[in-house]
Amino acid sequence: MVKKINAEINKVYFITKYTLVHILEGTGNIQVDFKSYQDWEDKAIYLEKGQYIKFMSDDFVVRFIDFPDEILFKSKDVRILFKHLISLGYINFNECEDCQSFLNTTVFNDKMSNLIDVSTEQWYWQNPFQANKEEYQVIFDVKDVIDAEFANQINTKSLIDFMVNTQYDVQHLVKDKIGISIHKLIHKKQLTESKKDIAFTDKSIQEIAYDQGFKDAAYFNRFFKNKVGQTPRQFRDNFDYQNRDTFSQDIIALIQEFHKEEHALGFYAEEMNISVKTLSKKVKQKMNTSLGQLIRLQIISSAKMMLEENENVKDVAYALGFEEANHFSSFFTNYVGTSPTKYKK
């Protein structure tokens with residue numbers, strides 16, 4: 001099924017089928033499973049059942065493309081798209097001509113499995129963890145075990161015991177290729193699923209602790225606060241899933257209106273009638289990013305739009321509140337990875 005929507009700001013879109021999220025228009029952050037991303041442009045994002053996505057601005061136009069389960073299980077290679085290891089699952093859309101060809105077609109019908117095939121090929125070509133195909137299969141076998149057993153007191157040793165049909169040193173392979181230990185992958189899964197239960201259900205904290213494999217609710221509270229910086233109850237209150245207060249929308253609207261002339265945090269704090277410290281803390285808690293990052297992101301987005309319209313670099317710099325064009329060029333190069341002049345070309 002293909003569905004095109006104007007995404008609501010700060011709304012949680014739950015993923016109930018294996019889904020390709022194709023962002024057609026928009027500026028600002030997206031959030032997937034409590035993690036914020038600014039670098040979603042020119043990417044096709046693959047999400048599996050149980051994940052969610054939020055759009056942190058009100059100008060996103062998005063296509064959701066759902067895949068039937070039978071397509072997903074014809075090959076183990078498909079796991080590379082949907083089972084995320086440490087970050088967002090995506091393919092570089094602008095590098096995959098076949099992917100563009102499929103996604104520019106409004107009706108996919110029997111070509112949906114072909115879209116999966118070309119996307120998988122593109123992902124292997126990107127090779128984000130610099131591994132060969134056999135090594136990837138072992139790594140994703142580890143991910144499968146973690147997803148199935150994380151709430152059953154699994155640890156590194158017991159996980160490796162599941163991996164009886166491999167000649168690899170599994171612990172070393174995972175650490176070497178994706179840069180994180182099996183132990184931390186297990187804790188990451190526990191933490192993400194705990195956050196979902198806390199944010200999206202009315203279960204008691206004690207019940208959540210037991211469901212996520214913790215024998216002691218007090219230990220779960222300490223574990224959660226150490227990792228997140230808030231207690232489970234504070235996290236539930238700050239995520240504000242049911243009430244969906246307008247804080248995120250208000251601060252985004254302010255930044256969109258004033259980012260060209262106002263770069264200082266103090267201005268936005270004054271407009272929100274709170275201190276810089278309180279505003280910064282609230283942005284971090286509710287949006288999982290920093291106030292400075294939100295401002296920088298909006299400046300960069302406006303700069304890209306103006307440069308794409310072939311405006312002079314010096315004019316763009318002054319329009320965005322930079323006193324010197326070279327200051328703007330340094331800022332843009334630092335965050336985009338290329339100079340404004342090269343970006344125009």
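Colleague: Which residue forms a salt bridge with Asp161?
Modeller: This is a predicted model, where local features need pLDDT of at least 70 and side-chain atom pairs count only at pLDDT 80 or more, while totals for chains, interfaces and linings use all residues. Residues are numbered from 1 along each chain as its sequence is written, and side-chain values use heavy atoms, with hydrogens and water left out. A salt bridge needs a side-chain nitrogen of Lys or Arg within 4 Å of a carboxyl oxygen of Asp or Glu. For Asp161, the closest N and O atoms are 3.7 Å apart, and the partner is Lys157.

Colleague: How much of a helical turn separates Asp161 and Lys157?
Modeller: Both sit in helix H6 (residues 156-162); helices are DSSP runs of H or I with at least four residues, strands are E runs of at least two, and both are numbered from the N terminus.

Colleague: Is Lys157 buried or exposed?
Modeller: Buried means under 20% relative accessible area, exposed over 50%, and partly exposed in between (1.4 Å probe, protein chains only). Asp161, at 47%, is partly exposed. Lys157 has 60% relative accessibility, so it counts as exposed.

Colleague: Which residues does Glu193 touch, not counting residues up to four places away in sequence?
Modeller: Glu193 belongs to helix H8 (residues 182-200) and has 18% relative accessibility, so it counts as buried. Taking contact as heavy atoms within 4.5 Å, Glu193 touches Phe150 and Gln212.

Colleague: How many residues apart in sequence are the parts tied together by Lys83 and Asp147?
Modeller: Their side chains meet in a salt bridge of 2.7 Å, N to O. Lys83 lies in the loop between helix H2 (79-82) and strand S9 (90-92), and Asp147 in helix H5 (residues 133-149), so the pair ties together parts whose separation in sequence is 64 residues.

Colleague: And how many salt bridges does the count come to?
Modeller: Several charged residues are linked in a network of salt bridges, including Lys83, Asp147, Lys189 and Glu193. By the rule used here, the count comes to 17.
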